[in-house]
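Subject: The structure we talked about

Hi,

Here is the structure I promised you. Have a look around first, and then read on for what turned up in it.

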Amino acid sequence: MQRSSSVSSSFVDAPTPRCHCGVTSPIRIAWRCDYSSRRFYGCSGYGTSRKCSFFQWYDPEPPARYSDVIRRLLERNECIRSENTELKKTRQELLDELRRLQQSVHETRAELEAAAAASTTMEDHMLASVAATRRRGVVIIVLISVIVFVD
């Protein structure tokens with residue numbers, strides 16, 4: 001789990017303590033598993049190059065059950081984030097595969113259209129050839145008939 005905290009703008013009845021730097025310490029929220037959502041006073045230079053070790057709990061220590069529930073919720077949240085990352089990865093892989101399949105369908109459609117056009121052209125040539133052959137056959141029959149009748 002990450003160790004982090006955030007600054008809260010909550011107002012408190014007690015005076016706000018000053019850190020070792022002499023600066024007023026804002027209330028922060030701990031998000032570590034052991035202290036999840038527990039508030040504390042920390043140096044306003046927290047997370048900067050200033051090395052002040054001032055720390056004082058604002059909230060009383062919560063019951064063990066409370067900490068256990070928060071810890072399990074944070075762990076479950078991390079599992080959900082991990083699952084979400086995996087689902088996004090799978091989704092992207094599926095989208096990539098869909099694009100490849102769409103491209104393949106487009107290419108196959110173009111090949112089928114070209115084959116259909118070639119088939120139509122071939123059929124037209126065959127019909128023209130059949131018609132020419134019939135005409136030649138008719139001419140040959142007429143010539144044979146003329147030869148037979150002339151003799």
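Predicted model: local features only at pLDDT ≥ 70, side-chain atom pairs only at ≥ 80, totals over all residues.

Before anything else, a word you will need: a residue is called buried if its relative accessible area is under 20%, exposed if over 50%, and partly exposed in between (1.4 Å probe, protein chains only). You will also meet helices (H or I, at least four residues) and strands (E, at least two), which are DSSP runs numbered from the N terminus. With those terms in hand: Ile70, Leu74 and Ala132 are buried in helix 1.

Residues are numbered from 1 along each chain as its sequence is written, and side-chain values use heavy atoms, with hydrogens and water left out.

**The overall layout**

The chain has one helix and four strands. Reading from the N terminus, the order is β-β-β-β-α. Of its 151 residues, 16% count as buried.

How far apart are the end C-alpha atoms of helix 1? They are 126 Å apart. The helix covers residues 64–150, which makes 87 residues, and at 1.5 Å a residue it should span 129 Å, so the two values agree. (The expected span is 1.5 Å times one less than the number of residues.)

**The strands**

Two strands count as paired if DSSP finds at least two bridges between them. Strand 2 and strand 3 (residues 39–42) run antiparallel and are joined by three bridges. Within that pairing, Ile27 sits opposite Tyr41 of strand 3, and Ile29 has Arg39 as its bridge partner. Strand 3 also runs antiparallel to strand 4 (residues 55–57), again with three bridges. There, Tyr41 faces Gln56 of strand 4.

Strand 2 is worth a slow look. Ile27 and Ile29 point one way from the strand, Arg28 and Ala30 point the other way, and all are buried.

Is Arg28, then, buried or exposed? Arg28 is buried because its relative accessible area is 5%. Arg28 belongs to strand 2 (residues 27–30), and its side chain reaches the backbone oxygen of Cys43 at 3.0 Å. That is a polar contact: a pair of N or O atoms within 3.5 Å, where, within protein, one must be able to donate a hydrogen and the other to accept it, and residues adjacent in sequence count only if both atoms are side-chain atoms.

**Salt bridges on the helix**

Side chains of opposite charge can pair when their charged atoms come close. Here, a salt bridge means a side-chain nitrogen of Lys or Arg within 4 Å of a carboxyl oxygen of Asp or Glu. The whole structure has seven of them.

Start at Asp68. Arg65 forms a salt bridge with Asp68, with the closest N and O atoms 3.9 Å apart. Why are Arg65 and Asp68 separated by about one helical turn? Because they are three residues apart in helix 1. Arg71 also forms a salt bridge with Asp68, at 2.3 Å between the closest N and O atoms. Arg71 has another salt bridge, with Glu75, where the closest N and O atoms are 3.1 Å apart. Arg71 and Glu75 are four residues apart in helix 1, about one turn. Through shared partners, salt bridges join Arg65, Asp68, Arg71, Arg72 and Glu75 into one network.

As for accessibility, Arg65 is exposed at 55%. Asp68 is partly exposed at 24%, Arg71 is partly exposed at 28%, and Glu75 is partly exposed at 36%.

**A nonpolar patch**

Finally, Val138, Val142, Val146 and Val150 make a nonpolar patch on the surface, with about 350 Å² of accessible area together. Patches use residues with over 30% relative accessible area and no salt bridge, joining like charges within 9 Å and nonpolar side chains (Val, Leu, Ile, Met, Phe, Trp, Tyr) within 5 Å. The areas come from the Shrake-Rupley method with a 1.4 Å probe, and for residues only the protein chains shown count as cover. Val146 is in helix 1 and counts as partly exposed, at 43% relative accessibility.

Cheers
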